[in-house]
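Hi there,

Here is the structure I promised to pass on. Have a look first, and my notes on cavities and helix packing follow below.

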Amino acid sequence: MGRHFALSLILIFLLFFLPWLWGEPTRAVQEEPPAGDTEPGGEEEPPEAPPEEPSAAASIDKNRKLNILAGGQLRQTDMESYLMGVVRAEMPAAFELEALKAQAVAARTYTLHKMQNGGSANHPEADACDDITCCQAYLSQEEAAQNWGDQAPAWEEKVRAAVTGTDGECVLYEGAPVLAVFHSSSVGATQDAAVVWSAPVPYLRSVETPESEETVPGYRSTASFTAGELKERLLSGLPEARLEGSPSNWFTNIHQQASGVVDSLTVGGVDVAGNRLRTILDLRSACFTISFEGETVSFSVTGYGHGVGMSQYGANILAGDGMDYREILSWYYTGATVERYEG
């Protein structure tokens with residue numbers, strides 16, 4: 001019996017005192033938390049959820065539907081897709097990204113301005129068309145790719161970044177989209193709308209612009225006509241003009257700005273704005289001089305476009321100098337702001 005009692009004491013010692021001698025098991029082994037959870041009151045914070053990617057539902061442009069007339073066909077699209085086509089056509093994709101963004105915002109603003117002010121009588125069934133004499137140029141992805149060659153994939157993504165990176169943004173004056181006209185290049189300064197269209201527009205004023213012969217391909221051009229060709233062209237636009245004798249006598253009272261832009265002149269006894277003559281003769285701009293040699297009349301032209309609003313080559317130079325697209329647009333559209341617009 002004594003031996004049994006001694007064995008019992010040994011077993012009790014092993015059960016109760018050996019764990020104390022070896023050390024207590026760690027708490028992690030004793031209380032491992034369930035998978036996907038943390039210990040209540042513990043120090044570990046749950047991981048932050050990854051930021052959500054912008055969805056199509058959040059895009060103003062994708063949710064704005066419009067009808068466009070392109071290639072003679074009427075179809076429905078969204079503003080984002082339409083602007084991709086306009087930016088492809090209206091500005092070289094090789095330009096600075098901030099210039100392309102400025103172009104995207106100007107194109108969006110111009111479209112909304114027209115839509116909110118009655119659209120075009122030329123196509124009442126469509127919100128926009130691809131005729132540059134009416135709306136804005138437009139190129140499909142396939143057409144642009146043919147022009148761009150090996151650069152097509154990179155330039156397509158660049159154009160997309162310009163459009164989606166400015167989603168819904170417009171140039172606003174007193175809360176409404178402006179008439180965001182633009183042109184290729186000017187001569188020292190853009191033109192005041194009052195000079196070109198005989199109607200002042202508060203945000204379309206003359207401002208300095210940096211392009212020059214060194215930065216703009218085709219900055220200077222020449223248009224030559226025989227006396228007969230010129231007479232025919234002039235009478236088609238100015239049927240009341242009296243074009244007799246030498247062509248050198250047809251043009252009088254020429255009033256030019258210091259830059260060389262012709263504000264007005266008299267053609268065959270008819271007073272004409274310089275920009276009107278530019279349109280009749282299809283000159284690249286209203287900055288021109290006239291020379292006569294025998295039966296040939298030549299117009300030496302500088303710049304390209306009507307000169308009002310944003311200069312595209314000027315925007316590219318300003319972007320290269322560090323301006324962002326909002327600063328560029330504020331530069332060319334006096335007193336306007338650039339904001340997201342859902343109206």
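How do the residues of the lining of the second largest cavity divide into nonpolar, polar and charged? There are six nonpolar, five polar and one charged. In this count Ala, Val, Leu, Ile, Met, Phe, Trp, Tyr, Cys and Pro are nonpolar, Asp, Glu, Lys and Arg are charged, and the others, Gly among them, are polar.

Before the rest, some housekeeping: this is a predicted model, where local features need pLDDT of at least 70 and side-chain atom pairs count only at pLDDT 80 or more, while totals for chains, interfaces and linings use all residues. Residues are numbered from 1 along each chain as its sequence is written, and side-chain values use heavy atoms, with hydrogens and water left out.

**Cavities**

Searching the whole structure turns up two cavities of 30 Å³ or more. A cavity here is a set of points on a 1 Å grid over the protein atoms alone where a 1.4 Å probe fits but cannot get out, and lining residues have an atom within 4 Å of a point. Grid points are joined across faces, edges and corners, and the volume is the space filled by probe spheres set on the points.

The largest cavity holds about 100 Å³. It is lined by 16 residues, of which Gln191, Val261, Ser285, Gly305 and Gly307 are the closest to its centre. Its lining has five nonpolar, ten polar and one charged residues.

The second largest cavity holds about 70 Å³. Its lining includes Gln191, Val261, Asp263 and His306. Two or more lining residues come from each of α7 (193-197), β9 (262-267) and α9 (274-281). These elements are DSSP runs numbered from the N terminus: helices are H or I with at least four residues, strands E with at least two.

**Helix packing**

Helix α9 also packs against α8 (residues 227-237), at an angle of about 120° and with the axes 9 Å apart. Axes are lines fitted to C-alpha atoms, for helices over the stretch in contact, and angles run from 0 to 180 degrees between N-to-C directions. The two helices are therefore oblique to each other; angles under 35 degrees count as roughly parallel, over 145 as roughly antiparallel, 65 to 115 as roughly perpendicular and the rest as oblique. Leu230, Arg233, Leu234 and Gly237 of α8 make the contact (heavy atoms within 4.5 Å) with Arg276, Leu277, Ile280 and Leu281 of α9. That contact has five nonpolar, one polar and two charged residues.

Enjoy exploring!

Technical notes:
On a 1 Å grid over the protein atoms alone, a cavity is a set of points where a 1.4 Å probe fits but cannot get out, and a pocket is an open set with protein on both sides within 12 Å along at least five of seven lines; lining residues have an atom within 4 Å of a point.
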